[in-house]
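I opened the notebook to keep track of what I looked up. The entries follow in the order I made them.

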Amino acid sequence: MDFLTIVQISDTAVRFAIPLLFACLAGLFSERAGIFDIGLEGKMLAAAFFSAAVAALTANVWIGLLAGIAASMTLSIIHGLASITFRGNQLISGVAINFLAAGLTVLVAQDWFSQGGRTPSLSDFGPGARFNGITLPFAESAGDGTFGVIYRELISGHSILVYVGLLTVPLTWWILFRTRFGLRLRAVGENPAAVDTAGISVIALRYVAVAIAGILCGLAGAYLATGLQAGFVKDMSSGRGFIALAALIFAKWRPWYALWACLLFGFLQALSLRPDAVEAMVQVRVPGQLLDALPYILTVVILAGFVGKAIPPRAGGEPYVKER
Amino acid sequence: MDVMPKWADALLIPLISILIAFILSAGVIIAIGEDPLAALRTMVTGALGSSYGWGYTLYYTTNFIFTGLAVAVAFHARMFNIGGEGQAMLGGLGVALVCLYVPWPHWIVALPFALLGGALFGAAWAAIPAYLQAKRGSHIVITTIMFNFIAAALLTYMLVEVLKPAGAMDPATVKFPEGTHLPTFQDMFSFGEKPVFRGAPANVTFFIALLACLGVWLLIWRTRLGYEIRAYGHSEPAGRYAGISPTKIIMVAMLISGALAGMMAINTTMGEAERLVLNSVEGAGFIGIAVALMGRSHPFGVLLAALLFGFLYQGGAELSLWTNVPRELIVVIQALVILFTGALDNMVRMPLERIFLAFRRSKSEESA
């Protein structure tokens, strides 16, 4: 396998890692505040549909992005109502949200576009209807040296959301570990009673965390449908929300580790597109189905704790009751 | 203190929750420009208006009884098994292997072994997540979801590379031999001149599903093991203190759960398709979650909820045939039922408790 192939696979890996990264960071905010969120998948799917649909209707991807975030936020609020206000089971609420998104997106897509549950291809609506690649300065004249190829093929040429996603990692780190809000957020996931005693509203903090998760899932879905691909197809999130959760556990609920975990999963997904390269690497014919299943298998291996023990936030999944 | 009488807890709350879910579903139908009452009429005629419609409704009901029971048994041990879909897929593989590789003389002989095959494969697929939960603390929700994806990949591999007859295009096994064909309702109930249930897939598996309901009820409420499962589910520390091994309960509950999901494949693979196809489960594993939540994890409740969802499923199919409403409407209804009977339970319960409390107070004042 030559150098250029490796760089190209890495480039695909970065593209695939970005939706995982957004969703993973969404889960990070939510779970650090003590709210389990297995509805990442559904929120991503809803955002993917509404961003693509509105981008197709307005020919403006930015309005589409806002619509995607709004859709994801709506589901976040439902999750917040169920798990914070009404102290319901957070897992069941997440499952419901996933199905709600899976059903509603197809239903609305059929109603709006009548194309069997998909949106029309965004490439038919002019260049403004999707996020296109940005060529970074000097990328064309970077030359053919090792660094030049990496810069041109791997670092340059992604859409704006990829760079936003990568910047969200240090931003998340800074918010969580260097601001007062971040300290309180982490505390509310470990010991909500202590936060309450200090006179800070547990309910409000958790709602803010869930809302941030909504925004980030909105970005994830919008990137999926308007950056990575040009339009929405049924069930296009295909388990990414769950892989993001596994990445979150692998990363032990830390932002920088989350980036590496998501890149790893993105790499595995990229490999399944290049069975020829895999074959050249391991010298045996690997069935395509095994390559497809690889991210899921790795998720199970990680969850089994074979790669270090992960300790979740202590108050995760438990609704907070003020008086007992 | 119990604020509410038992009947309110067992019947009133689920009924109100389902009512809210259905009202919202009607809202969705209005929002996509259809008439909900006309839609309901289409669904009722299509699913319950003829013996043919009933044949489909009961066929789907059979699936949902199995998957609903699977989720319910796991719920009793406070395990959330979302892997019914994958377990049923693997169950289909087990059933297919039994039916294809043994020359069965008659279906009565084949059926118990096929049941065993489906149950074993389903249980095996549930065993790994269960073991990881019990021994390594890996969250069962995420591992079972992952196993759904892995099951789909495995099944595709088996059908495309191993079981597909040479030269065939679609990924499916050959037709099962004659000796494994289960009698359908048409074979069983057409006594007169005119055949009933003509062409509908409901078959003898329906009665096995009813027996499974009875079996689960006996297991959960009439055996020592069932008592241990419930005790552990109510309070893990208390169960541990009473000498109940968490590992054993998690494993046993999940194995039974997986076996029940796997047995569903008898209905779809041996009863209906008479060969193994790629998408034989069709989301029934997930509908089992809604069925179990709605049925309050009680076998009788599961039976009723499965009937309702069987009706919705067949009605939804008819609806997508005659109108512009896609089949995904059933997924939305399923989501709303899960949301309101599962997660937003307190939204109905809290105000209701307040009403009952006020009612009781005014009563005691009167008597005072």
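Confidence. This is a predicted model, and I started with its pLDDT values. Among the elements of chain A, helix 3 (residues 61-85) has the highest mean pLDDT, 96. The lowest mean, 79, belongs to helix 5 (residues 146-155) of chain A. For chain A I noted an average of 90, with 98% of the residues scoring at least 70.

Helix pair in chain A. I looked up how helix 11 (residues 255-271) of chain A meets helix 13 (residues 288-303) of chain A: their axes come within 7 Å and cross at roughly 155 degrees. Angles over 145 degrees count as roughly antiparallel, so helix 11 of chain A is roughly antiparallel to helix 13 of chain A. I recorded the crossing as right-handed. Helix 11 of chain A contributes A:Leu264, A:Phe265, A:Leu268, A:Gln269 and A:Leu271 to the contact.

Helix pair in chain B. Next I took helix 4 (residues 84-101) of chain B and helix 6 (residues 140-163) of chain B, which pack at an angle of about 30 degrees with axes 7 Å apart. Angles under 35 degrees count as roughly parallel, so helix 4 of chain B is roughly parallel to helix 6 of chain B. I wrote down a left-handed crossing for this pair. The residues in contact include B:Met89, B:Leu90, B:Leu93 and B:Leu97 of helix 4 of chain B, and B:Ala151, B:Leu154, B:Leu155 and B:Met158 of helix 6 of chain B. I noted the division of the contact residues as 11 nonpolar, 5 polar and 1 charged.

An aspartate. I found A:Asp196 in helix 8 (residues 192-197) of chain A. Is A:Asp196 buried or exposed? Its relative accessible area is 16%, and A:Asp196 is buried. Leaving aside neighbours within four places in sequence, A:Asp196 is in contact with A:Val202, A:Tyr320 and A:Lys322.

Positive phi. A:Gln283 has a phi near 70 degrees and lies in the loop between helix 12 (275-282) and helix 13 of chain A. A:Gln283 counts as exposed, at 67% relative accessibility. B:Arg296 has a phi of about 55 degrees. I placed B:Arg296 in the loop between helix 12 (284-294) and helix 13 (299-322) of chain B. With a relative accessible area of 31%, B:Arg296 is partly exposed.

How values were computed: Residues are numbered from 1 along each chain as its sequence is written. Chains are lettered from A and ligands numbered from 1 in the order in which they are written. This is a predicted model: local features need pLDDT of at least 70, side-chain atom pairs count only at pLDDT 80 or more; totals for chains, interfaces and linings use all residues. Side-chain values use heavy atoms; hydrogens and water are left out. Axes are lines fitted to C-alpha atoms, for helices over the stretch in contact, and angles run from 0 to 180 degrees between N-to-C directions. Helices (H or I, at least four residues) and strands (E, at least two) are DSSP runs, numbered from the N terminus. Angles under 35 degrees count as roughly parallel, over 145 as roughly antiparallel, 65 to 115 as roughly perpendicular and the rest as oblique. A crossing is left-handed if the near helix is turned anticlockwise from the far one by less than a right angle, and right-handed if clockwise. Contact means heavy atoms within 4.5 Å. pLDDT is the predictor's confidence in each residue, from 0 to 100. Ala, Val, Leu, Ile, Met, Phe, Trp, Tyr, Cys and Pro count as nonpolar, Asp, Glu, Lys and Arg as charged, and the others, Gly among them, as polar. Buried means under 20% relative accessible area, exposed over 50%, partly exposed in between (1.4 Å probe, protein chains only).
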